[in-house]
Amino acid sequence: MTTVKCTLQAVRQRIAEAAAAAGRDASQVALLAVSKSVPAAAIRELALQGQTDFGESYVQEALDKIVALQDLSLVWHFIGPIQRNKTAAIARNFDWVHSVDRQLVAERLSATRPLEREALNVCVQVNIDGEPGKQGVAPQHAAALVEAIGRLPNLRLRGLMAIPRATSDFGEQRASFAALRQLRDMLNRAGAHLDTLSMGMSGDLEAAVMEGANFVRVGTALFGARAGNPLGVAGVNAVWEMGLSQNVHQGDRP
Ligand SMILES: *Cc1c(COP(=O)(O)O)cnc(C)c1O
């Protein structure tokens, strides 16, 4: 089996087991493959295995890959910090934005969404553990932002996203994800229609699935370590080139 087949199957298996343990239907949990710093060829390999949803954090890097892969019908999610001068590029080229955390950004995304495209799906990013300096709206300000986004014509508000405080403690992981779920439920009781919780990454996806995640955003467990991680970009590319040439030699493409 090729590298991508192995890692994709392993991640799908983790999701399926966590869903089963939680008594949830695994079809309620979509896998968002986080492909930041991953070359287009590697995304193509995963797409050929049936993966449709990809997440990117850096606009320019993402646009190059979106163009290179436009022959595939992929769903592109923007999950990174949003600079004001990048809102139009995001609104034109992505299907989802998970990281909306202020009204001005939401307004600009709505104003620059091309009218011939469907409304842009958005999630509000919440700083669920109240960490200083972290992206995301404070939980107590989420309701006002949700209400403001609800008034924007070209956005479709889908749910909440969070990156909790990093911890390897399963109970703490669950507590943060439960807090996001409870915030979503509270907003829905107040009249919102949020059907999506975007939560869980390579290290904590089981806890997120247990607490109701609808998208888990997984990078490292699919593609290996990134820049800044021990292998670095060169390492990741080398691993990928090995994987790709292995596939070619084994004639193992679908
Ligand atoms: C990079 C990133 C991920 C993926 O993290 P891994 O630990 O590599 O799975 C998920 N969500 C966001 C917002 C990210 O920036």
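Predicted model: local features only at pLDDT ≥ 70, side-chain atom pairs only at ≥ 80, totals over all residues.

Biologist: In which sense do strand 2 and strand 3 pair, and over how many bridges?

Modeller: Strand 2, residues 53-56, and strand 3, residues 75-78, are paired in the parallel sense, with four bridges between them. Asp 53 has Val 75 in strand 3 as its bridge partner. Between these strands the chain passes through helix 3 (residues 59-68), and this β-α-β crossover is right-handed.

Biologist: How many bridges join strand 3 to strand 4?

Modeller: Two bridges join them, and strand 4 (residues 96-100) runs parallel to strand 3. The bridge partner of His 77 in strand 4 is Trp 96. Here the chain goes from strand 3 through helix 4, residues 87-93, to strand 4, again as a right-handed β-α-β crossover.

Biologist: What should I keep in mind about side chains when looking at a strand?

Modeller: In a regular strand, side chains alternate between the two faces of the sheet.

Biologist: Now a residue in a helix. Is Ser 110 buried or exposed, and why?

Modeller: Ser 110 lies in helix 5, residues 103-112. Buried means under 20% relative accessible area. Ser 110 counts as buried because its relative accessibility is 3%.

Biologist: Which residues does Ser 110 touch, leaving out those up to four places away in sequence?

Modeller: On that count, Ser 110 touches Leu 152, Pro 153, Asn 154 and Leu 155. As for C-alpha separation, 7.5 Å lies between Ser 110 and Ala 91, which are 19 residues apart along the chain.

Notes
Residues numbered from 1 in each chain as written. Heavy atoms only, no water. Pairing = 2+ DSSP bridges. Right-handed = clockwise from strand over helix to strand, strands pointing away. Buried < 20%, exposed > 50% of the residue type's maximum accessible area, 1.4 Å probe, protein only. Contact = heavy atoms within 4.5 Å.
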